[in-house]
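Please look over the sequence and the 3D structure shown here before reading on.

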Amino acid sequence: MNILPKYGLLQFRNAARIYSKPIIESLKLFKEETKFLKVTLFFSHKHDELEELDSAINFLKGFGVLIYADHITEEENEEDNGDIHAKRIQQETEEKIKQNTKFIFLATENAINSKRCKWELRYANTQKKLDQIAILPIREDFTDYGGEEYLQKYPYIQKSDTDPDGYDVKYPNGDAIPLGIWLAS
């Protein structure tokens, strides 16, 4: 299994930039991108893993996608009270999962244990076909991956077995297709 290690993912963070930006500024720039001829995808992630989010977005940007992640679109200075804000966020999340063509779950060890991330994945499973959902499993350096059960249920993104520079989406039945083809389908 060719699961991307965290240090490998983090290399994408500044690889696409001439200069380094703070993570929050980088995430805001993604919001301003054009939607023209791009596949849309909902990107589920653990909310306190912004460096991993920014790195994963940079990784996926090379495939011509338009990514929705709540850190990209969240408004600062929310005035809602807790319950109203939580309900509004849940409704917005449900709508965005429905609207976007694809769904990718950034499955870090912490995200696997997140109730919110598990809920988003379960909800996507009710709204999308299996071939519209993928797991992007990220393991800590030199450790086993604790999300094996996800890899048995859902397609997941891995380093290609046949192309040393490529990435595939591998299905639970063992079939694999290049990530770019999966995103465009």
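Helices (H or I, at least four residues) and strands (E, at least two) are DSSP runs, numbered from the N terminus. This is a predicted model, in which local features need pLDDT of at least 70 and side-chain atom pairs count only at pLDDT 80 or more, while totals for chains, interfaces and linings use all residues. Residues are numbered from 1 along each chain as its sequence is written, and side-chain values use heavy atoms, with hydrogens and water left out.

**The chain as a whole**

- The protein chain has 10 helices and 8 strands.
- Of the 185 residues in the protein chain, 44% are buried, where buried means under 20% relative accessible area, exposed means over 50%, and partly exposed lies in between (1.4 Å probe, protein chains only).
- Among the contacts in the protein chain with a separation of 6 or more, 67% are between residues 24 or more positions apart, a contact being heavy atoms within 4.5 Å.

**Strands β2 and β3 with helix α4**

- The elements β2, α4 and β3 make a right-handed β-α-β unit; right-handed means that, with the strands pointing away from the viewer, the path from the first strand over the helix to the second runs clockwise.
- Strands β2 and β3 run parallel and are joined by 4 bridges, and two strands pair if DSSP finds at least two bridges between them.
- In this pairing, T40 stands opposite L66 in β3.

**The nonpolar cores**

- A nonpolar core is a set of buried Ala, Val, Leu, Ile, Met, Phe, Trp, Tyr and Cys residues joined through side-chain atoms within 4.5 Å.
- The largest nonpolar core has 26 residues, and of these F43, L60, I104, L136, I157 and L179 touch the most other members.
- The elements that give two or more residues to this core are β2 (39–44), α4, β3 (65–68), β4 (102–107), β5 (133–139), β7 (167–170) and α10 (179–184), and the largest share, 6 residues, comes from α4.
- Apart from this core lies another one, of 20 residues, among them I97, I135, Y145 and Y154.
- Leaving aside neighbours within four places in sequence, L60 is in contact with F43, V65, I67, I104, L179 and L183.

**F42 in strand β2**

- F42 is found in strand β2, and F42 counts as buried because its relative accessibility is 3%.
- Not counting residues up to four places away in sequence, F42 touches Y68, T93, K96, I97, N100, K102, F103, I104 and E120.
- Although F42 and I104 are 62 residues apart in sequence, they are 6.3 Å apart in space, C-alpha to C-alpha.

- E49 lies in the loop between β2 and α4, and E49 counts as buried because its relative accessibility is 7%.
- The side chain of E49 makes a polar contact with the side chain of N110 (3.1 Å); a polar contact is a pair of N or O atoms within 3.5 Å, where within protein one must be able to donate a hydrogen and the other to accept it, and residues adjacent in sequence count only if both atoms are side-chain atoms.
- Leaving aside its neighbours within four places in sequence, E49 is in contact with T108, N110 and A111.
- E52 lies in helix α4 (residues 50–61), and E52 is buried, with a relative accessible area of 8%.
- Not counting residues up to four places away in sequence, E52 touches K6, L9, L10, L106 and T108.
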